[in-house]
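Some terms used for a model rest on cut-offs. The questions below go through them one at a time.

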Amino acid sequence: MPSADIILEFVNSQKLFVVLQEISGKFPAKGHYQADNLEVTCHTSHIMTKKLMLDFFKDVYFDSSMPTNTLLLVDSWSSWKDKSAIDSVTPPSHSCETMIIPPGCTGNIQVLDVDIFNEFKRVIKYITGQLQFDRPDYKINRRDETLKMLSAVYRQICHPKLQPWAQYAWSASGYNIVRPPGFSTPAELLFPNNVAADCSSTGCNETSFIKCLYCDNLLCIDHFLVKEVHDC
């Protein structure tokens with residue numbers, strides 16, 4: 001599966017590009033869960049296509065919230081090398097240079113693969129485990145529930161407290177970026193040792209399992225995800 005690194009800090013103005021597999025190649029008439037930090041599309045397969053790549057550039061990479069002069073580090077998937085296709089959707093006000101990681105090297109020097117994806121998946125695993133324990137009937141594999149999970153986790157991952165961790169990922173990939181002297185991972189900040197307490201939501205008697213990085217509230221699974229997607 002092709003992937004890309006944007007050489008930027010994680011900030012909430014950046015959207016996460018999500019491609020869901022739909023048998024018909026389109027969403028049902030009722031639509032899908034909407035979140036301001038997700039750009040959601042679908043395809044009949046889980047395989048990336050050139051059209052999806054161009055959608056990524058148009059809807060996310062060249063969004064007005066993004067810098068206008070960028071360097072994009074990508075793997076060796078053939079469509080990333082199609083400069084004319086990328087140029088066809090590049091706004092006149094933007095400049096984008098791509099650099100291709102040699103085949104077989106992605107796992108060593110592609111920042112998302114080196115550390116970011118692992119930590120993202122670790123947080124997802126923690127939350128999924130809590131759902132299985134507290135809400136076993138919750139269908140996390142359904143379309144809207146999946147999108148809610150991605151939105152909630154991505155919002156937390158983008159918190160400024162995690163910038164040293166993101167910086168470390170670049171350093172660990174071998175780039176000339178100073179390794180932070182100390183940092184905490186997303187899982188360490190979201191699930192501290194003292195996280196199990198009374199949920200901070202008014203009138204809730206459930207036990208908390210996660211700490212919001214924005215408001216420092218301790219939240220149960222219902223008030224982080226199931227009954228409402230926590231957004232502060």
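Q: What makes the crossing of α4 and α6 right-handed?
A: α4 passes α6 in a right-handed crossing, because a crossing is right-handed if the near helix is turned clockwise from the far one by less than a right angle, and left-handed if anticlockwise. The model is a predicted one, in which local features need pLDDT of at least 70 and side-chain atom pairs count only at pLDDT 80 or more, while totals for chains, interfaces and linings use all residues. Residues are numbered from 1 along each chain as its sequence is written, and side-chain values use heavy atoms, with hydrogens and water left out.

Q: At what angle do α4 and helix α6 pack, and how far apart are their axes?
A: The angle is about 145° and the axes are 8 Å apart. Axes here are lines fitted to C-alpha atoms, for helices over the stretch in contact, and angles run from 0 to 180 degrees between N-to-C directions. Helix α6 is residues 163-172; helices are DSSP runs of H or I with at least four residues, strands are runs of E with at least two, and both are numbered from the N terminus.

Q: Which residues of α4 and α6 meet?
A: Val 111, Val 114, Asp 115, Ile 116 and Glu 119 in α4 meet Trp 165, Ala 166, Tyr 168, Ala 169, Trp 170 and Ala 172 in α6, where contact means heavy atoms within 4.5 Å. By class this gives 9 nonpolar, no polar and 2 charged residues. Asp, Glu, Lys and Arg count as charged; Ala, Val, Leu, Ile, Met, Phe, Trp, Tyr, Cys and Pro as nonpolar; the others, Gly among them, as polar.

Q: Why are α4 and α5 called oblique to each other?
A: Their axes cross at roughly 130° and come within 11 Å. Angles under 35 degrees count as roughly parallel, over 145 as roughly antiparallel, 65 to 115 as roughly perpendicular and the rest as oblique; α4 and α5 are therefore oblique. The contact includes Phe 120 and Ile 124 of α4 and Met 149 and Val 153 of α5. Its residues divide into 10 nonpolar, 1 polar and no charged.

Q: How do you know that Asp 36 and Arg 155 meet in a salt bridge?
A: The N to O distance is 2.9 Å, and a salt bridge is a side-chain nitrogen of Lys or Arg within 4 Å of a carboxyl oxygen of Asp or Glu, so the pair qualifies. Asp 36 is in the loop between β2 and β3 and Arg 155 in helix α5, 119 residues apart. The count by this rule comes to 13 salt bridges.
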